[in-house]
Amino acid sequence: MTELKNDTLIRALLKQPVDRTPVWMMRQAGRYLPEYRKVREQAGSFLNLCTNPELACEVTLQPLRRFDFDAAILFSDILTVPDAMGLGLYFTEGEGPKFKNPVRTVEDINKLPIPDPEVELRYVVDAVRLIRKSLQGSAPLIGFSGSPWTLATYMVEGGSSKSFHKVKGLMYEQPKLMHVMLDKLAQSVAAYLNAQIEAGAQAVMLFDTWGGMLTSEDYAEFSLYYSKQVRSLLNTTINGQPIPTILFTKGGGLWLEAMAEAGYDALGLDWQTDIQQARARVGDRVALQGNMDPVSLYASPEIITEKVKAVLQKYGSGSGHVFNLGHGILPDINPDHVKAMVDAVRKYSPAYHQS
């Protein structure tokens, strides 16, 4: 494989010294870019875009051509794993993802297979191979998956939800059955991430988007436990090179100490978590990723610069910080505002890394 020319992200995730804070952005390949919208139109649908390795590669690389990001992140969807389990993923305009075959009964859960990533998810693995080759070592490639709990919410609800009453109902009424489902999902997610690592992903991230809607007790039992299980099954060294791991629980600021013990190299922070307090709470156990408010990118470039400076100042000196938003970029953000953010990180972060 080509030698990695910019390993700043990898080193920061491993809390090794860097000369500046690396920056990338959740959903950095997406609708805010006109070139993405063009390829999406060419694909005919979002699902077609995800399942075509060449087009997925193209949109993954687009933001790196525009901005000085320190990483590419695989363009895909978190619901590829449930789709590969036979749930029949489809998208309805304005309503988000839905499943033709939601999981509601003992029979539904017992018949769930553990997909072979090189078979049912081959299009994702092929996209990873193609992206890694196309990057030519210019920046690392981040692979990802949804967490077992987050995938379970969509699978039981049949799509997005505000109350999560179906999945929580199953969890409360039949906890043992929920554990059977989550265990299958943990095995499936680990196999999926390991296939991405084998294909060329140089870091991997677990998105626990809906962990934050649980009580503290339920988060520990039904979400974090399975994120730990995924981590324990990952192959995080390839040819002697470490593969850093990131855990992101949206709304997880209450549980940072427990998350820091889950075995991941870094924790993603949403914008509601104070990064200065977070660093004090986790100490040197993990790196931190985040956490500028995505909505601040609607502000003027001057305000964006001040917001960047505030995040950098709050984290403080030393390595172990990856600059990012506290969640994904919103679809109608002006790309020039993204450039203002990246430029500000480049300009003001080196001062925090002087020995």
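Strand β5 (residues 203–208) has six of its six residues buried, so β5 is largely enclosed by the rest of the structure. Buried means under 20% relative accessible area with a 1.4 Å probe and protein chains only, exposed over 50%, and partly exposed in between. Helices (H or I, at least four residues) and strands (E, at least two) are DSSP runs numbered from the N terminus. The model is predicted: local features need pLDDT of at least 70 and side-chain atom pairs pLDDT 80 or more, while totals for chains, interfaces and linings use all residues. Residues are numbered from 1 along each chain as its sequence is written, and side-chain values use heavy atoms, without hydrogens and water.

**Strand β5**
- Ala203, Met205 and Phe207 point one way from β5, and Val204, Leu206 and Asp208 point the other way.
- β5 pairs with strand β4 (residues 141–146) in the parallel sense over five bridges; pairing requires at least two DSSP bridges.
- Ala203 in β5 is the bridge partner of Ile142.
- Strand β8 (residues 245–249) runs parallel to β5 and is joined to β5 by five bridges, with Leu247 in β8 as the bridge partner of Leu206.

**Helix pair**
- Helix α2 (residues 34–43) and helix α4 (residues 53–66) pack at about 170 degrees, with axes 10 Å apart.
- α2 and α4 are therefore roughly antiparallel (angles over 145 degrees).

**Nonpolar core**
- The largest nonpolar core has 126 residues; such a core joins buried Ala, Val, Leu, Ile, Met, Phe, Trp, Tyr and Cys residues through side-chain atoms within 4.5 Å.
- Helix α10 (residues 175–199) gives the largest share of this core, 13 residues.

Terms used. Axes fitted to C-alpha atoms, helices over the stretch in contact; angles between N-to-C directions. Parallel < 35°, antiparallel > 145°, perpendicular 65-115°, else oblique.
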